[in-house]
Amino acid sequence: MCDLSKCKPVTPEDTLKYILGLDLKDWGLKSTFIGDDDEKVTHFILSYHGTRSICPICGKGMVIHDYKERVWRHANFNEAICYIHANVPRYRCPDCGGIHQAEVPWADPNVSYSKTFMAVAIEHLAHMSLAATSRLLRCP
C-alpha cells in the first residue's frame, strides 16, 4: 500500500541521487530533458559546484583550468534510455604543470557508461545472451 505519510519531501538533487543512485557531493542537477513518446529517452544535465582539487602527482592544490563535455549511458529509467551529461572540470597543477580531469562519482575514468549501467548489464549477462541483454538495454 502507498503511504505518503511515511515519505519526506526532497530536492531535485535528492531525487536524482535516489533514483539514479548517484553521489552528488560536488554536483547538482542543472536540467532534465525527455524525448517524445516515440523516442523514450531521458537526459540529465549536471553542473559542477566544486572549485579546487589536489594534484594526484605532487599533492598541491589545483584550480579549474577548463571543462570537457562528457556524456555517459546510464541504466534505463523506467522504459527510457538514460544519459548523464556533464561539463567535467579539468585542473592544472601550478607546480608540476599536469592537467587532470576531475573524477566523477558515477563512472570510472575513460568510459562512456555509468557504474550503474555496467552493473545492470553484468547482472543481465549472467542470465541471458549478449544479444538479449543488448535488446533489453536498448543498446545499438
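Me: What makes up the accessible surface of the protein in this predicted model?

Reply: The accessible surface comes to about 9,300 Å², and 55% of that area belongs to carbon and sulfur atoms.

Me: Why is Thr42 called buried?

Reply: Buried means a relative accessible area under 20%, and Thr42 has a value of 5%, so Thr42 is counted as buried.

Me: Which residues does Thr42 touch, leaving aside those up to four places away in sequence?

Reply: With contact taken as heavy atoms within 4.5 Å, Thr42 touches Thr32, Phe33 and Ile34, and also Phe77, Ala80, Ile81, Cys82 and Tyr83. Thr42 itself lies in strand S2, which covers residues 41-48.

Me: What makes up the secondary structure around that strand, and in what order do the elements run?

Reply: The protein has three helices and six strands, and from the N terminus on they run α-β-β-β-β-β-β-α-α.

Me: How many of the residues of the protein count as buried?

Reply: Of the 140 residues, 31% count as buried, and Thr42, at 5% relative accessible area, is one of the buried residues.

Me: What share of the contacts with a separation of 6 or more comes from residues 24 or more positions apart?

Reply: Such pairs account for 47% of those contacts. The C-alpha atoms, for their part, fill a box of roughly 55 × 45 × 30 Å along the principal axes.

Terms used:
Residues numbered from 1 in each chain as written. Predicted model: local features only at pLDDT ≥ 70, side-chain atom pairs only at ≥ 80, totals over all residues. Heavy atoms only, no water. Helix = DSSP H or I, 4+ residues; strand = E, 2+ residues; numbered from the N terminus. Buried < 20%, exposed > 50% of the residue type's maximum accessible area, 1.4 Å probe, protein only. Areas by Shrake-Rupley, 256 points an atom, 1.4 Å probe, with all protein chains shown as cover.
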